[in-house]
Amino acid sequence: MIFSYGSYRHALYEAGLSVQRQTKFGPAQIERSTVERWTIQGLLQADTQDALLAAIETMMAAYSLQAQDAVLYLPDGVTPTPHQLISSQTLGGVRVTQQPSFQQWRGGELGLYRSYTIALEAEIPNPDPAAQLLDWQETLTFAGGGPQFIYMATLNGLPVRQQTQQFTSYKVSQTGRALGFMAWPQPAYPIWPTAEHQDQRTLTRSTPRPVGAGAGASAVEWEITWGYQFESALPLVANPTPWLI
C-alpha cells in the first residue's frame, strides 16, 4: 500500500494506517457528522544517514501543512482504497493533529532508518437535510380581546374608572429562532397569514462561525430569527410551530 498526504507520498509498504470512526449526533439525536481519526505509523529508510536526515525533513515539511487530501492507494499507486479524506468534503479540512513524532529508539534509529507516528483527523458532515437543524425555538405571545377601561382624573377625590371599549382586538406575536449546521434553515411560516401585519414582519440572518482554511474552509452555526405580528377581531388559537424534522 502507498499512503499520500497532499503531494507527499510514502514509499510502498512504508506506512501502516489505522482508522477510528466516531459518530456525532445533533440535539435531535440525528447523525450530524462522522469524525475520522487516522494514525499512520511507519519506518522511514534511506541508503545513507544524510539521505535519511533529508527524508525526515521532507516528511516534516509535508505534514506542517493543514487541509491536504489524505489517500491510501493500492500498490499500483493509482487505484485509491476506500480510505480517503478529501479536504473539500470535510468540515474545516483534514487536520494534522500529531505532526511526525519519533517516539521510539531501537538499535540503529537515525542511522539508516527512523520510526515515526503521525495523526490526522477530519469531520465529514451528514448530507441528510434532517441533520442540518441544530436548534429550533418559537414563542407565541397572546394579548387583547377583553374590555378596555381608563381612569379619569377628578378635581377632588380618587380617579374614576371608565370603560371605553366593550371589546378589543386579539393580538398575537409569533417570534422564533433556528440554528442550522451548514446553512440557514427556513424560518417558520406565519400561522395566521390573513391576520398578519406584514409591514411589521422581521427576519434576521446572523453571520455563521468559520471553521478551517484552504480547501476545507467551512462555516457552521447559521442562525436565523423571525417575528410576525397578528391582529384579529376574533380569537387567534394555535400552538408554536414544532421542530421541523
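Let's start with Phe3, which touches Tyr8, Arg9, His10, Leu17, Trp38, Ile40, Tyr63, Ala70, Val71, Leu72 and Leu120, leaving aside residues up to four places away in sequence. Keep in mind that this is a predicted model.

**The nonpolar cores**

- Phe3 belongs to the largest nonpolar core, a set of 22 residues, and is one of the five that touch the most other members, along with Tyr5, Ile40, Tyr63 and Leu120.
- This core draws at least two residues from each of strand E1 (2–5), E4, helix H1 (49–62), strand E5 (70–73) and E8.
- There's also a second, separate core, made of 13 residues, with Trp136, Leu140, Ala178 and Ala195 among them.

**The sheet with E4 and E8**

- Four antiparallel strands make up an open sheet here, and reading across gives the order E3-E4-E8-E7.
- The edge strands are E3 (15–25) and E7 (95–101); each has a single partner strand, so one side of each has no neighbour in the sheet.
- Going from one strand to the next, the twist averages 10°.
- One of the pairs to look up is Gln45, whose bridge partner in E8 is Tyr113.

**The sheet with E12 and E16**

- Another open sheet has four strands too, ordered E9-E12-E16-E13, again with antiparallel pairing.
- Here E9 (133–144) and E13 sit at the edges with a single partner strand each, so one side of each is left without a neighbour in the sheet.
- Ignoring direction, neighbouring strands in this sheet are turned by 10° against each other on average.
- E13 is joined to E16 (residues 222–232) by four bridges, and the two run antiparallel.
- Across that pairing, Thr204 stands opposite Thr225 in E16.

**Glu196, a loop residue**

- You'll find Glu196 in the loop that links strand E12 (170–180) and strand E13 (202–205).
- Is Glu196 buried or exposed? Its relative accessibility is 10%, and buried means under 20%, so Glu196 counts as buried.
- Setting aside residues up to four places away in sequence, Glu196 touches Pro190, Arg201, Tyr228, Gln229 and Phe230.

Key
Residues numbered from 1 in each chain as written. Predicted model: local features only at pLDDT ≥ 70, side-chain atom pairs only at ≥ 80, totals over all residues. Heavy atoms only, no water. Pairing = 2+ DSSP bridges. Axes fitted to C-alpha atoms, helices over the stretch in contact; angles between N-to-C directions. Buried < 20%, exposed > 50% of the residue type's maximum accessible area, 1.4 Å probe, protein only. Contact = heavy atoms within 4.5 Å. Core = buried A, V, L, I, M, F, W, Y, C linked by side-chain atoms within 4.5 Å.
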